[in-house]
Each structure stands twice: as structure tokens, then as C-alpha cells.
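Thanks for coming. I will walk through one model today, starting with how its chains meet.

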Amino acid sequence: MIYLPIAEMPVAVLLIFLVSGTVGFVSGLVGVGGGFIMTPALLFLGVPAPVAVATGASQIAATSFSGIMTQTRRRSVDWRMGLLLSLGGVLGSSAGVALFERLLRLGQLDLLVSILYLLLLSSVGFLMVRESYRFWRGHPQKSVSVLRRPLKTVAHTLPFRLRFPRSGLYISVLPPLGIGFTIGAISAIMGIGGGFILIPAMIYLLRMPTNVVIGTSQFQVLVISSLIVVLQSIATQTVDLVLALLLMAGGVVGAQIGARVGAGIKAEYVRGILGALLMAASIKFLFDLVIPPAELYVLGGGLM
Amino acid sequence: MRRLLIALSLALLVGAPASAQQQPGSDVADDLPAAVAEEQITVSSTYGGSYITVFGVNPDRRGRGDIVVVLRGPNEPATVMRKRRVPDGNFPFGLWINGDPVQFSEAPAFFAVLSSRPLREIASADSIWRYQLDPAASARLASAVPSGGDPSAYRAALVRLRAEQGLYQWYRRPPREGERGGLTAYPGGLFRAVVRLPANAPIAQYHADTYLFRDGRLISRQRIPITIARIGVERTIHDLATNVSWLYGVVTVMLALLAGWGAAVMFRRP
């Protein structure tokens, strides 16, 4: 057992290692960030929602930095696009942290987090299960690299266009800023990196080539999650350093092991199982919202 | 065992500082001989809750009256909200959200009251309210209660929710064999009160108040401060997080980058 100085509660070290390691393992296996599994897992362990969301961001920073180290060696980061997305993200996460603090004081943070997780987990879970089912039926979806991308999107018609040599694009700066803003705000409130929303947006909306998408998205996630850690430390003082270290250690090691194991098995089946689990978790969020509560009164408002 | 206890408590009494603090609005003597076994409780990284022991002697030579011990945490503002269904009415599908907040300007963050028999048999209802021997008596409403709401329901909910978290406790009888926590009276007027302090109890300045009641009236009392404080790494981290929060955030990010870098190097494929 170790006492968390900010959460002001004792936790079992092995249990946290087990949870963060498992989340890391799954994220390495399936190739997702893992923030959207880690935060609900921490809530389930009894960590207060503000601490779980704010502390989770530090673990996301660790994971994305580890990923970037690998990607820069392959020269697969579009720095100009990354900076533009980050600029939008800085504004978005600042707005997100401000909203987070306001809702925390009003006692409505749990509501927003529950609704967002309900939508997120059910939609991501559904997409994963559908993809896995199609693969199982023998109609695998064409991989993203050969997927037909629309030739011209709204990004090509808006003003303030800029050249992105590494991506081979000449598009308006407004859509990257908007995407960055949205992801930043969602990250700050939900404690996720947002890569799985960012990557499709970059491919379909911005028409970026897939070889730079992952590295560039990780760059944006790193900038945003680092900023969120600092902003949450100042605004809500809910970042728990001891919990963060435990999560980083477990998550980073788990992700590497997961990536090794994942190379040998069919990812589509794993995704199917994970998708089903996510949908089950989203049902729990739904039940908590619609079932008449046994206890009508709650303690809340104010920080912690 | 009993002789040891008496010897121990007497030793404590001799060594106890005469820190009787005057409480407002009373002509009651502040001379009840009592002491705590732990005046300072330290919270380190292995902290998982604690016990606080209050020793004392009933000053009445014939042993008349009842001892009541109250351990109080700091008074802090609190908010209680009531869930309501949106949309309300007969619409088949609705969300339960927090609404109708009621603020208490102060409520004890921790409260434990110990007696060897139910408090109502010892003190009058007036005394319980006047000397705040119950957490509900200590909680002060600050904001107006929303229409349709019942102030006493909010007060009761505050007490119930905090009791579920182990922050409000009642010990109404002496501890049984093997139990830890409660007020035990020994022959000769000696008493010992043990309170379980859960790990989620706030880290702050506490007070142990000891009261002697006879025929429903307060005869004598004593107030002893108890400090709960972080030490070592826990203290450093907490001080950094509250005093230089931006630096704390930057340090956390640096450690995250270090961990990410370490993992990338450790697991690099040759």
C-alpha cells in the first residue's frame, strides 16, 4: 500500500501496476492510446474523477513521447502541421481546463464526463466490433492506406492556405486549428489523448498521407497532454505525482510487451473483444445516468 | 493490564501540557484531567489510517456522571446536492443529474463522538445542540434551501454521506472483546477512548474534547489539540503542488518525458 499525497487515499501498488500494465498491454496490442481505458479504470478503483483525468494526462505524455522517439527516426512527423494542430490544441485545452474547473465547482463534472464517455465508448466499441465482424466474415475493410480519400475537402477551399511540404499539401490553416482545438478540449475534460479521433480527421479531412499521420498526431498529443498536466496543476491541483509515476511505469512497460505480442496475432480479433468490452462499459455509464439512484443526495461542489 | 493502564495514564497526565483552551459562552470548569497518547500523527507514504487514544480520569470522587469524548476535525464549507431527473414528468427516458445545491458555511470535516451509553441518556437535547455533540448540530446552513426542499433532509444527507465515508462516527457503548474503538471506563474513574481515524480523514489540526455530564448537565471539560501532518516525501510533494503549482506541473511532465524516453531506449529493437 502507498498513500497518494494529492488524492489523499492509500492504494495497493500492485493493483495499480496491474491495471496500468494491462491497459498499456491492450493499447500496445491493438494500437490505441489507452487513455480512454485508463481513466474509467482509475474511476473504478475509487480514484476521484478530477485526479483520474488530470493524472492520466501525464501518463499519455509519457506514452506519446516514447512513440515519437521511434517515429522521428523514421522521419514521419510533419512538424509544421504538428505545430499548427498544437496551436489549436493549446487554445482548446486551455478552454477545456477552464470548463473542467468551472464544472467541478458547480458539481456537474461527473455528468459531462459520464455523457462523453457513454458516447465515446459506445461508438468506438461499435466500430471495432463491426470491423472485426467483417474481417471474420471474410470481407476485410481495405486498409487505410489504399482507402479512397476524397480528392478535395473543405480544407482546400477555405482561405489562409499554407504549404505543408512533408505531407505534400496546400490547404487552409483553419481546419487543422479547429481539429486541434476540439481534440485539446476533449483531452482536458476526459483524460484521453484523442489519437483515435485525430487520426481519422487528419486522413479524411486534411488528406494527409498515412505515413506521417501517426507521428504527427503523437506530436500533437504530447504537446497537449504536457500542457494539460501543467494547467491542471495550477488550476485544480489534482495531478498526483505518485499515482502518475505508478501509471507511467506500468503503462509504458505494458505497451511495449503488448506491441511485441501483438505482432504475432491477428489484431482484428483482439479489437473485436476490446470493442465488446467498451460497449459493455458504456452500458454501465448509461445505467448510472438513467436508473433512479438509491441515494438522492450527493456531496459536491468546491474542489474535492 | 489494568494496573499498567493506570500507571501509563498517570504518567501521561503528569507530562501533559496544561493547554486547556477556553471555549466560549460557558461557566463550566476546564479542569477535566485528560491527555492524548498521540499529540502528533504523521502521514508518510505508508500511511493507511490511524488510531487516536484519549486517556483521563473522572474528577468526581464517587465516580458519578458520564464521560463523553468528541474528536473534531476542522470546520469547512460543504455542499450537498440533490439528484433530479431531466426532463421530469412522465417522459419515459430521463437523465439523473445533480441539482438544487445547498451550501453549509461550516461542517466538521471529521467528527467522532464516544460515550459508554447512548448520548441522549447522558446529555439533554439542549446540551447536545449547545456543545455540538453531534455532527448535525455543528453543520451551519449558509444558502437558502430550494423551494420544495427540506433543510433537515439536506442536513441528514450530509451526515449520512460523511458517515458512509467513515468521517462521522458514533461509539455508543464500550468496545467488546477484540474490538478496537470506543470508550471504556475502568474502576477508580479512569477512562480510555479509542477513535479509528480512516486514511481519507483530512490532514489538519484536530481537537479532542472530553466532557463530564451529570444529570444531563455539563460539569467539566478539557480540550486537547492533535496535529496530523505530512512528513517526508508526502510533505515535499504536497507543498510543491500547493505553493509552486506550475513548477510541480513542469516536474511531472519532465518525469513523464523521462519515462517515455527510458521505455523507448530500453525496448529499442536492435
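Across the interface of chain B and chain A the rule finds 2 salt bridges, a salt bridge being a side-chain nitrogen of Lys or Arg within 4 Å of a carboxyl oxygen of Asp or Glu. One of them links Arg160(B) with Glu295(A), at 2.8 Å from N to O. Glu295(A) sits in the loop between helix 10 (267-290) and strand 5 of chain A, and Arg160(B) in helix 5 of chain B, so this pair joins two chains. In general, side chains of opposite charge can pair when their charged atoms come close. Over all chains, the count is 14 salt bridges.

Before going on, some housekeeping. This is a predicted model, in which local features need pLDDT of at least 70 and side-chain atom pairs count only at pLDDT 80 or more, while totals for chains, interfaces and linings use all residues; side-chain values use heavy atoms, with hydrogens and water left out. Residues are numbered from 1 along each chain as its sequence is written, and chains are lettered from A and ligands numbered from 1 in the order in which they are written.

Back to the interface. The contact (heavy atoms within 4.5 Å) takes 55 residues from chain B and 51 residues from chain A. About 4,600 Å² is buried between the two chains, and carbon and sulfur atoms give 66% of that. Buried area here is the accessible area, with a 1.4 Å probe, that two parts lose on being put together, summed over both. On the chain B side, Met81(B), Trp96(B) and Phe267(B) lose the most area to chain A, together 14% of what that side buries.

How many residue pairs are in polar contact between chain B and chain A? The count is 12, both residues being at pLDDT 80 or more. A polar contact is a pair of N or O atoms within 3.5 Å; within protein, one must be able to donate a hydrogen and the other to accept it, and residues adjacent in sequence count only if both atoms are side-chain atoms.

Among the elements of chain B that each supply at least two residues to the side touching chain A are strand 5 (75-86), strand 6 (95-108) and helix 7 (245-266). Helix 7 of chain B gives the most, with 16 residues. Helices (H or I, at least four residues) and strands (E, at least two) are DSSP runs, numbered from the N terminus.

Strand 5 and strand 6 of chain B are joined by 10 bridges, with Val80(B) opposite Val102(B).

Two backbone details in chain B. A cis peptide bond joins Val86(B) and Pro87(B), with omega about -5°. Asp100(B), in strand 6 of chain B, has a positive phi, near 45°.

Last, confidence. The mean pLDDT of chain A is 83, and 92% of its residues reach 70 or more; pLDDT is the predictor's confidence in each residue, from 0 to 100. Over residues 143-148 of chain A, pLDDT is below 50. Where pLDDT is low, the predicted coordinates should not be read in detail.

Methods. Two strands pair if DSSP finds at least two bridges between them.
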